[in-house]
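The following report is meant for a reader who is meeting this structure for the first time. Please keep the sequence and the model in view while reading.

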Amino acid sequence: MNKIYLIISILFVYCSYSQSQSEKSLKQGQYTNPIFAGDYPDPSLLRDGKDYYVVHSSFDYYPGLLIWHSTDLMNWEPVTNALHKYVGAVWAPDLIKYNNKYYIYFPANNTNFVVTADSINGPWSEPIDLKIGNIDPGHITDDNGNRFLYFSNGGYVELSKDGLSVKSELKHVYDGWQIPREWSIECFCMEGPKLFKRGEYYYLTVAEGGTAGPATSHMVISARSKSPLGPWENSPFNPIVRTKSTSETWWSKGHSTIFEDTNGKWWMIFHGYEKDYYNLGRQTLLQPVEWTKEGWYKISDNTKTDKPITKPQGKTLPEFSLSDNFEGSALKPQWKFYSGVENSRFKVANNTLTIEGKGDGVGNSSPLVIVPGGHSYTAEVEMEIEGDAIGGLTLFYDNRYYSGILADQNTILANLRGWQFPTEKNTHNRKVFLRLKNIKNTVDMFYSLDGKDWKKIENSVEVSGYHHNVLSGFLGLRIGLCSIGKGSVKFKNFVYKTL
């Protein structure tokens, strides 16, 4: 028996060593997806010299169109928000550069807009309404500098030379790739056209199959033409990427931008849901593509989205942290207000964020949110209540679905799926620390008087169902700071830690 225990112990040590060696090797030359963990859907990537910039759908969270920067495609830092005026829920954008000017085309409120800037850092213009419907605009120019905008329905319009108005009627030129009827998909739902030119061909990349629904729905489809206006020939390698089984880690993979890096290697950036963590939203994924001698791009047989992949080369940026001690006089660009920004409602000064109360509950308080990216984490913040306000630390999906821990002048409150009630009375005198501890979708809630000695409240919540397949909305679960009612709440020392 002792020999058996000895053998088991040796095997355990060996496996642990092998795992540590594998992790060490991964850190030295490989990465695993995602490259943006959390709710970062519909990525549009622009390579500008040795720099890479990405923008995602921002929906009802403002300021919108947050631009991220990287020099190695692995480490990203927020640059600025390109949209401050509320124009509705912002869907799949397209970030491009033309004649040394930057443009972001995006749909919102049943029309399409464009914002522009002479520098990626801004200032960005006010949104210009192009006065045309459809969604998911994709920009392309021909060799003569004529500009066109494709949409999800397989049609295009011609743009003016300055890219700020539409010159033609919509013309339909692409029907997509026919999906086998026996496949389990949500819908045909062609969307997300992204275009580029390589050699003598223009390439059109779209998503089909539906953004959510069954895990096998979304997919990447490619077509090419010698004209940016078609006719388009579908790739013999379609679908380029698709989830084939629920045993895979990444589900509903689609909405891709194809690009060449600074070293001449080609990549695909796209999004997908993570198995068992749908509530994180659609996360941004990256993997290499290769070219055939016939001029088609495809995924290597040795490349898997959920397996280690060789890193691209580039200069690494410092690691970005979600924690914030509210330095300076402005919010960092990763913070968003739900349903629009009211600049008169908040201020940042003396390492304190002060938000005036709004509404009579979490749902209509327009909370300030940030995107978490871990399976397990803690988030905590120090609060001071002024007047008759209620402050809170919540997990927020939208104005209908949320849960968290809150506090008024002296009582701790729990909010479980909108059901809010006192849970710890007479605990504090307007000053309190709140903490959420999310362990694989089970969330415990704590409060403290000094930020050191934490007391767990009776109530916990399970949040795995907060996602689009249950609630619709295409969103992910975010961490929210709430200021509700009459008065204001001062927030200090927001700390986020992955576990």
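## The disulfide

The torsion about the S-S bond of C187 and C189 is about -115°, and the disulfide is therefore left-handed. This is a predicted model, and in it the disulfide that joins C187 to C189 has an S to S distance of 1.8 Å. The structure holds one disulfide.

## Confidence in the model

Taken over the chain, the mean pLDDT is 94, and 95% of the residues reach 70 or more. Where pLDDT is low, the predicted coordinates should not be read in detail.

## The nonpolar cores

The largest nonpolar core has 57 residues, and those that touch the most other members are L353, L481 and F494. Strand β29, which covers residues 376-396, gives the most to this core, contributing ten residues.

Which residues does L481 touch, once those up to four places away in sequence are not counted? The contacts of L481 are F326, W335, L353, P367, L368, V381, G392, L393, F491 and F494. Two of these, L353 and F494, are themselves named with L481 as residues that touch the most other members of the core. Apart from this core lies another, made up of 20 residues, among them I67, V87, L95 and W124.

Strand β2 (residues 44-48) runs antiparallel to β3, and five bridges join the two.

Strand β3 itself (residues 51-55) is mostly covered, with four of its five residues buried. Strand β3 also pairs with strand β5 (residues 64-70), again in the antiparallel sense, over four bridges, and here V54 is the residue that stands opposite W68 in β5.

Strand β16, which covers residues 201-208, is mostly covered, and eight of its eight residues are buried. Which residues of β16 point one way, and which the other? Y201, Y203, T205 and A207 point one way from the strand, whereas Y202, L204, V206 and E208 point the other way, and all are buried.

Strand β15 (residues 191-198) is joined to β16 by six bridges, and the two run antiparallel. In the hairpin that they form, which has two residues between the strands, G199 takes a positive phi near 65°. Strand β16 also pairs with strand β17 (residues 219-225), in the antiparallel sense and over seven bridges. L204 can be followed through both pairings, for L195 stands opposite L204 in β16, and in β17 the bridge partner of L204 is A223. Strands of a sheet pair through backbone hydrogen bonds, either parallel or antiparallel.

## An open sheet of four strands

An open sheet of four strands has the order β11-β12-β13-β14, and its pairing is antiparallel. The edge strands are β11 (138-141) and β14 (171-172), each of which pairs on one side only. Strand β12, made of residues 147-150, is joined to β11 by four bridges, with the two strands running antiparallel. Across this pairing, T141 has R147 in β12 as its bridge partner.

## The loop residue P123

Is P123 buried or exposed? With a relative accessible area of 75%, P123 lies above the cut-off of 50% and is therefore exposed. P123 is placed in the loop between β9 (111-117) and β10 (128-129). Leaving aside neighbours within four places in sequence, P123 is in contact with T116 and A117. As for its separation from T411, P123 is 288 residues apart from that residue in sequence and 44 Å apart in space, taken from C-alpha to C-alpha.

Key
Residues are numbered from 1 along each chain as its sequence is written. This is a predicted model: local features need pLDDT of at least 70, side-chain atom pairs count only at pLDDT 80 or more; totals for chains, interfaces and linings use all residues. Side-chain values use heavy atoms; hydrogens and water are left out. A nonpolar core is a set of buried Ala, Val, Leu, Ile, Met, Phe, Trp, Tyr and Cys residues joined through side-chain atoms within 4.5 Å. Buried means under 20% relative accessible area, exposed over 50%, partly exposed in between (1.4 Å probe, protein chains only). Contact means heavy atoms within 4.5 Å. pLDDT is the predictor's confidence in each residue, from 0 to 100. A disulfide is a pair of cysteine sulfur atoms within 2.5 Å. Two strands pair if DSSP finds at least two bridges between them.
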